[in-house]
Amino acid sequence: MPTKEFKRAARIILVGAPGVGKGTQAERLMKRYPQLSAVSSGDLLREGVRNRSPLGLEAEAFIKAGNLVPDKMILKLILDKLKSNRWVSTHSSVTDAVPAEPSKSPSASFILDGFPRTASQASRLDSLIPINLVVSLITPVNIILSRIASRWVHAPSGRVYNTDFNAPKIPGKDDLTGEPLTKRADDDEETWKQRLKKFDETSQPLLEHYDRKSVLWTVKGNSSDEITPKLFQELDSRFA
């Protein structure tokens, strides 16, 4: 795959239903645009807990109590990451009255994963740093459900197979170990219908929020391979 250089910083969020292939698209984008990095709120949380940082310990207390980690704490984790990479001013704070001044350098480009999930979280993020592209990935529900029905995993390693487009070499066996593949406990149609319904309810206000900011772009396709070229074309025109 030929790579492309950005001419300005891209600050991207991918929004899409579970099973739509956000992870696949993020990986492909980072391969095509080497200046693009992933910033995952989930990874930052786990890293903070693992390293026993003050913020990580505070977050762990919420998790152990069965509570959601507060938005302000997630924003602080994200801001600390951006500051450590010098993608925003090192003097920025979550309590600042105005958003942080982001670096214009193309190497300060990132895909933010896991946050925001709601319009209110998006508003809080706006006060921290301006996002300049939100991609809404759309694949028909029946195709997503079909993908899930065809999905098998090697539980010990987390390797994922799909009998439709990424089948194991030997049916029912992991390619590397030869161990049996299994279905995830929550990979049943009813569970997924509920997840997709919940996503629709929370994502609509989120997308409307970014549409009002004029940074929303929507792409539709039945497969990741159909969506990727459209995504590359859009990022080329905006940032490369």
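Modeller: In this predicted model, Glu 234 is buried, with a relative accessible area of 16%.

Colleague: What makes 16% count as buried?

Modeller: Buried means under 20% relative accessible area, so Glu 234 at 16% falls in that class.

Colleague: How do the side chains of Arg 238 and Glu 234 meet?

Modeller: They meet in a salt bridge, with 2.6 Å from N to O. The two residues lie four apart in helix α8 (residues 224-239), about one turn of the helix.

Colleague: How many salt bridges does the structure hold?

Modeller: There are 15. One of them links Glu 60 with Lys 64, where the closest N and O atoms are 3.9 Å apart. A salt bridge needs these atoms within 4 Å, so 3.9 Å qualifies.

Colleague: Where do Glu 60 and Lys 64 sit in helix α3?

Modeller: Helix α3 covers residues 54-64, and the two are separated by about one helical turn because they are four residues apart. Glu 60 is buried, with a relative accessible area of 15%, whereas Lys 64 is exposed at 68%.

Colleague: Which residue forms a salt bridge with Asp 80?

Modeller: Lys 76 does, and the closest N and O atoms are 3.1 Å apart. Both residues belong to helix α4 (residues 71-84), again four residues apart, or about one turn. Asp 80 is partly exposed, with a relative accessible area of 30%, and Lys 76 is partly exposed at 33%.

Conventions: Residues numbered from 1 in each chain as written. Predicted model: local features only at pLDDT ≥ 70, side-chain atom pairs only at ≥ 80, totals over all residues. Heavy atoms only, no water. Buried < 20%, exposed > 50% of the residue type's maximum accessible area, 1.4 Å probe, protein only.
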